There are 4 protein chains.
Amino acid sequence: MIKVGIVGGTGYTGVELLRLLAAHPSARVVSVTSRKEAGMRIDQMFQSLRGRVDLAFSSPDDASLTDCDVVFFATPNGVAMHDARRLLDAGVRVIDLSADFRIRDVAEWEKWYGMTHASPELVAEAVYGLPEMNRAQIAGARLIANPGCYPTAVQLGFQPLLAAGVVDSATLIADCKSGVSGAGRKAEVGALLAEAGDSFKAYGVGGHRHLPEISQGLARMCSAPVGLTFVPHLTPMIRGIHATLYARLTAEVDLQALFERHYRDESFVDVMPAGSQPETRSVRGANLCRLAVYRPQGGDTVVVLSVIDNLVKGAAGQAVQNMNLMFGLAESTGLDGVPLLP
Amino acid sequence: MIKVGIVGGTGYTGVELLRLLAAHPSARVVSVTSRKEAGMRIDQMFQSLRGRVDLAFSSPDDASLTDCDVVFFATPNGVAMHDARRLLDAGVRVIDLSADFRIRDVAEWEKWYGMTHASPELVAEAVYGLPEMNRAQIAGARLIANPGCYPTAVQLGFQPLLAAGVVDSATLIADCKSGVSGAGRKAEVGALLAEAGDSFKAYGVGGHRHLPEISQGLARMCSAPVGLTFVPHLTPMIRGIHATLYARLTAEVDLQALFERHYRDESFVDVMPAGSQPETRSVRGANLCRLAVYRPQGGDTVVVLSVIDNLVKGAAGQAVQNMNLMFGLAESTGLDGVPLLP
Amino acid sequence: MIKVGIVGGTGYTGVELLRLLAAHPSARVVSVTSRKEAGMRIDQMFQSLRGRVDLAFSSPDDASLTDCDVVFFATPNGVAMHDARRLLDAGVRVIDLSADFRIRDVAEWEKWYGMTHASPELVAEAVYGLPEMNRAQIAGARLIANPGCYPTAVQLGFQPLLAAGVVDSATLIADCKSGVSGAGRKAEVGALLAEAGDSFKAYGVGGHRHLPEISQGLARMCSAPVGLTFVPHLTPMIRGIHATLYARLTAEVDLQALFERHYRDESFVDVMPAGSQPETRSVRGANLCRLAVYRPQGGDTVVVLSVIDNLVKGAAGQAVQNMNLMFGLAESTGLDGVPLLP
Amino acid sequence: MIKVGIVGGTGYTGVELLRLLAAHPSARVVSVTSRKEAGMRIDQMFQSLRGRVDLAFSSPDDASLTDCDVVFFATPNGVAMHDARRLLDAGVRVIDLSADFRIRDVAEWEKWYGMTHASPELVAEAVYGLPEMNRAQIAGARLIANPGCYPTAVQLGFQPLLAAGVVDSATLIADCKSGVSGAGRKAEVGALLAEAGDSFKAYGVGGHRHLPEISQGLARMCSAPVGLTFVPHLTPMIRGIHATLYARLTAEVDLQALFERHYRDESFVDVMPAGSQPETRSVRGANLCRLAVYRPQGGDTVVVLSVIDNLVKGAAGQAVQNMNLMFGLAESTGLDGVPLLP
C-alpha cells in the first residue's frame, strides 16, 4: 500500500482526491492537513465521505507527512513552492496540484502569479504531469507539476494537430467554458448560486493565468512558439470543462483518422466518432477526456471539441494517474469509475 | 458470473443499472432490450458508457433473456406484469423496478394505476424488495417488487418510530422533494429545463400513486392501518429525494438512540449525529439513505430528514442490493461507490 | 415625487428596491449608501442597472438621507435599530427590511437575534408591514417593520384558516423551501453554486429566527398562542419561496370558498382554482402570493400551498407596497410588472 | 390602441409577447391562436399571466385576426409562409418571428429548412427586422422577418467592425452559447432538465440554420461575402445568449471608441466600458444587447462579447420594437423593463 498524504484537504481537489483514493486498491490516505480546520473530522465537512474516510484534518506541520510515500498538494498557489523541499529531502514524492511548478520560465511565472518563486531550482526539476504528452518522464519523477484544468482540455485537443504540423500555430483560439467548481471552494460573491446560476459570462479575457501554461505546452508540441487567444467563460454547472478549439488548416489531412491514430493507445482519451458532440456530463466523475473534430462547411477552419471533468482529468484524477505511473502501477488503477449520467 | 438481462434499457433506471453493473465484479450484462431502439449501440445513446458497455439494444422478444440468471425490468408500469411469467417459468429470477408487483391489494393497485392486472397470482408471490424491512424473504424470492423512490425514503425514515410504537400512526405527514430524474427520461414539457429549472412546485397533492405503496409498508411496520398525508414536490435538480417527515410523539423516547439502534447493522442506512442535516448530494450516485431526527423546541412533533439518490437506493442500486441477496453475495458487492460531491 | 433613500444598497433587497423604484412613477431614489462601497457607481456592481440608475454609493453618514421622504433599510439585522431614530426625528419615514422591529417582545427578539436591542421604544411604535393583515395601521405609520420572506408566505397561507377558526392552532406545520437569494449576497461557502447547486437540504431545523415572527403573526390571527413546527429548506434556485402548510381541520368548511372570500379584495394575493399547484416561477419578479388549498383524500388534514418571490412580496416589493400605502398612492403603483416566465 | 393578434401562442416567444404586450401602453392583444389548445384559457397554461391576460386560445382560422392591425407569428418554421398572405391582403401588418422570410435567397432557405417555400414573392418584400441595421426600411414595411436569436447577438457584435472595414471578413468565428429556452417549449428528451442540466455541449457544429442568416447580414455590412465559422452550444440556463466573436484585425483602430461611436444613438445596445464582461443575466427579461470589445495581449485578434436575452432582444422584444417602428411609436414604448437580477 502506498502511504498518501494530502496537504490542504478542504477544497474541491482535496475532497476529490479523497473520493478517488478511498476506492484505490493500492493506496491509503494516512494524513490530510488543513491549517484552519485541524482537529475537525473530515466527514463532518464532507458528508459524502461518512463511512469512507475515518480521519480528522491534522496540522500542516504534521510530522507524519514525511513518513508518506507520496504527498499531494491541494493547496492555493504559493504553498507547495515553500513546503515541497522538506518532503523531497525526506524521500517523499510530491505531486503538486497547484500552479507552483508548471511554468518553466520562472520570470514568466512570477509575472502571472504575482509572487517571487521560493524554489526556482525545483521548477527545473519538476515534470509536467500530462501523461499523454509526457509519460516516460513522469514515471521517473520525484516532483510532478500537475496540469491545470483548462490546460489539460486544451492541450489534449490541440496535440494531434500540432504534433502533425497541419495547422497554423500562430492563430490558435481556445474558447473554454468551465463549471464553477473550477473556482474552488472559496467564499466569493461571484461564485454564489444566486450570482453564477442561470447566467453565463466570460472572465479573464484580458489575460488568464492558464495562458502561459497552455502556450508552453503547445509550443513544445510543435517545437515553435505559438499564438493563442484564450477566452475562458463561467457556465452555470458544477463540474466540467468544454473547450472549443479553432485552428487554420495548412495541409490536407483526414482529421478523424489523425485523431484516432494519435490517441489509439490512450485509455483516458476517447476520440468520438465523426459527427459526435461530447457532453461534459459524459465524463462526470471520471478520468476521461472526450474529443471530437470537425471541419465545418469543408473550410479551412478545424474545430475541436474537448471535454473533461475539471476535478478529475483536470485535477485529482490526473494526479492519481501520475501517482500510478510513479509507483509502477497500472495507469488506470483506481480510475475505472463509470461517469455519472444523468 | 451472474448473467443479467435488462428489459427497457433506455430510461434512467436502465442506464443506472448499466453503470452499476459495469462495475459489479460478479455480474455481467448480456442483453439489454428496447422495442424502439433495437439495433442501436447503447453507448450511442449514453456517451457515459463508451468503453464500458459494448452492446446494442436488442428486441424485447430477444430469446437470450431466458438464458439469463436474473432479469431486471426497467420498464414503464404495465409491462412486467405481462412478461415476467415467461421468464419465471424458464427459471429466471425477476426484479421489477416498476410498480406492477408492489401493491398486494390488486384492486387497490388497479384503481391507482388504471389498468387491469395481468398476473394477480404473481402479486401474491412477489416479495417487496426493501432489504432493511424484508431481508430474509428477499434472499429466497424468485420475483422482487423493487420499491419506488419516495416509498424507500419515507419508509426508512418512519420505520424506527413505527416499529417502536412511539408515534401516532394516524396523523403522519411526508413532505417530499424530488429531483427531475424521478420523472424518467420521457419527452414531457413539464420536465424541460426551461420549465422545471429555477422553480419549485408541488404536484400530485390530490393523490399520488406512491401513497398506497407507502401506506402498505407503514401499516406493516406498526401492524395497523396508518393515516398518511403525502405531498410530493419537484425541485430543480437532477438526482435526489429529500423526505421531511412529521409525526406526533406518543411516548417519551431518546429519538437519536432509537434510530441508531434500529439501523446499527445496516450498511446502507446512515443515522447522522444529532443536529445534522443531510444534503441530497451526500448520497449522489451511492446506494445510501442518510437520516437525521429532530424534536423541534422539545415539542410533541418529531421531524425526520431522509435523503436518498432516487436512481440508486431509490431504484437501480436497491435492485442490485436485492440481486446480491438473492444470489448469496455480500450485500454490498458492487455498491461501494463513494458519493460524488460536489 | 417621493424622495427615497436606501441604506445598504449592495445586497439583494437593495438591488431589488432599485429595480422596482427605477420603474416607479412617483418615487425617485436620491441616495443609496454603503459603508464598504462608498464612491463606486451602482451600475458597476449591478450591470442590470446600467442606463437606469445613475448614482454612486454614498457613505452611510450621508446627510442627504434626512432630506428624503422615506428611507428603506436594506441592511443586516442590528443596523436600523441604531440609525432609524435619527431619521424619524428628522421627519423621515422609515421602512426597515431587516428584522429589527418585527418582534414585539423585545426579550424574545434579543434571544433569537443575540443582541441587545438599541431602541426598544421604537419596537412598540413600529407597524408590522403585512398589508393583507394590517393595512389600516400601515397607512398612518412612521416606522414599518417589513416582514420576513418565510413569514409572508406562511402567514398569508394560514390566515384564512386561523381567522375563520377552522383548524387546530396548536399543531401547525410549515414546511418551507427557499431559493438561495434568501441567504443574501454574502460570500459564504454554503451558498456557492458548487455547494447549493443540484442538491437539497433542510437547515435551521432546531430553530430558525423566523419562527417567533411567524408565531406572533399567527397568534394575532386567532387571538391565541399557536404551536408551530417550522422546517426551512434550501432549494437550488435563485428566487422563490414555496411554503407547504399543514393543519388539522376542526370544522367542516368549504376551503376553496373560504380562501376566495378571504382574499377577494386583495390584488396581490391570488387564490388559484381548486386543483392548482402554484409554481414559484409564476410569481418571479412580481409582488404576488399565489395560494392553493387541498384536503387530500378528504381527510382531516388541510394542505395549503403558498408561493412568493422572496425578494419581491417577501422583501422589496412588499416594502414598496407599504410605501405606497404610507404616501396615499394606489397600492399597486409601480408594482404591476408581469412575472418572468420562463 | 393597436389591435394585436398572435398566431401560435403556446411557445416561449408567444408567452413572452404576451408578457411584453400586457405592459404595453398602446397595444392590446385581441386574439391568440393555437390549433392544439383552442378553447383553453391562456392563464391556465401560463400561471404567470393570471390576472393579466383574460383570453382563451382561439382556433388559427379565427376570423378576428384580419381585424387586427398587426399579427405576430410565433409559430414553427413553415407556417407563416402559408398564412401571411391572407392577412397582408386584408391590410394587416405581419411580423414573423419564425425563419420563413429571413433568407433572401429562396433556394438557400429551402436547402437549410428542408421545405419548398410557399411564398417566394413575399421573401422579396419582407424587411429584415434588425432595427440597428435597418431602421428606415422597417418603419415602412408591411411584412417583417424578425431575426433569429443567434443572428441578433452575432450581427450586433460584428457590425461596428465590418462596417468600418477593420477586420478580415473571410475568417470570422462566432462561438455562441444559448440557454435552453432557445430550443422552444417542445417536449424533447435533449432539453429535459435531467439531460441538459449541469452539463454543457456543442450542437449543430456541422451546420446550423442560423449560419446563412448571419452570413447574409454580415455580408451586407461589409458589402462582400464573408467566411464564418459558427459553433452553437447549449448551456444549462433558461434565458440568454452569449456570443464570443473572433476576428483578425487588418487595421489599427481604437476599438472601444469605434464601438461607442457606432452605437452612440442606439437605446437598446449598450457598449460597456473597456475591461467589462457582460453577464447574460444583466439583460434578463429586457430588450437589450450589451457588448464589450477586447484585443487580448495586444495581438491581431479582436474579441467581442455580446449578450442578449434570446426571448427578448432575440425574439419577442425585438418584434415589439419593430411594431413600435411600424406604427410610429417611440421605439422603446413598452420596452423599458429593468432586467431581473439576480
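Axes are lines fitted to C-alpha atoms, for helices over the stretch in contact, and angles run from 0 to 180 degrees between N-to-C directions. The structure is a predicted model, in which local features need pLDDT of at least 70 and side-chain atom pairs count only at pLDDT 80 or more, while totals for chains, interfaces and linings use all residues. Residues are numbered from 1 along each chain as its sequence is written, chains are lettered from A in the order in which they are written, and side-chain values use heavy atoms, without hydrogens and water.

**Exercise 1.** Determine how helix 6 and helix 9 of chain B are oriented to each other.

*Solution.*
Step 1. Helices are DSSP runs (H or I, at least four residues), numbered from the N terminus. Helix 6 of chain B spans residues 131-139, and helix 9 of chain B spans residues 210-222.
Step 2. Their axes come within 13 Å and cross at roughly 90 degrees.
Step 3. Angles of 65 to 115 degrees count as roughly perpendicular, under 35 as roughly parallel, over 145 as roughly antiparallel and the rest as oblique. The two helices of chain B are therefore roughly perpendicular.
Step 4. In this contact (heavy atoms within 4.5 Å), B:Met133, B:Asn134 and B:Gln137 of helix 6 meet B:Gly217, B:Arg220 and B:Met221 of helix 9.

**Exercise 2.** Describe the packing of helix 7 and helix 11 in chain C.

*Solution.*
Step 1. Helix 7 (residues 149-164) and helix 11 (residues 312-326) of chain C have axes 8 Å apart, at an angle of about 100 degrees.
Step 2. This pair in chain C is therefore also classed as roughly perpendicular.
Step 3. C:Cys149, C:Thr152 and C:Leu156 of helix 7 touch C:Lys313, C:Gly314 and C:Gln318 of helix 11.

**Exercise 3.** State whether A:Cys149 is buried or exposed, and list its contacts.

*Solution.*
Step 1. A:Cys149 lies in helix 7 of chain A. An unreviewed UniProt entry annotates A:Cys149 as "active site"; such annotations may be inferred rather than shown by experiment.
Step 2. Its relative accessible area is 13%. Buried means under 20%, exposed over 50% and partly exposed in between (1.4 Å probe, protein chains only), so A:Cys149 is buried.
Step 3. Beyond neighbours within four places in sequence, A:Cys149 contacts A:His210, A:Ile241, A:Ile308, A:Asn310 and A:Gly314.

**Exercise 4.** Describe the interface between chain A and chain D.

*Solution.*
Step 1. Chain A and chain D each contribute 43 residues to the contact.
Step 2. The buried area (accessible area, 1.4 Å probe, lost on being put together, summed over both parts) is about 3600 Å², with 54% from carbon and sulfur atoms.
Step 3. In chain A, A:Asp198, A:Phe200 and A:Val205 lose the most area to chain D, together 17% of what that side buries.

Notes. Buried area is the accessible area (1.4 Å probe) that two parts lose on being put together, summed over both.
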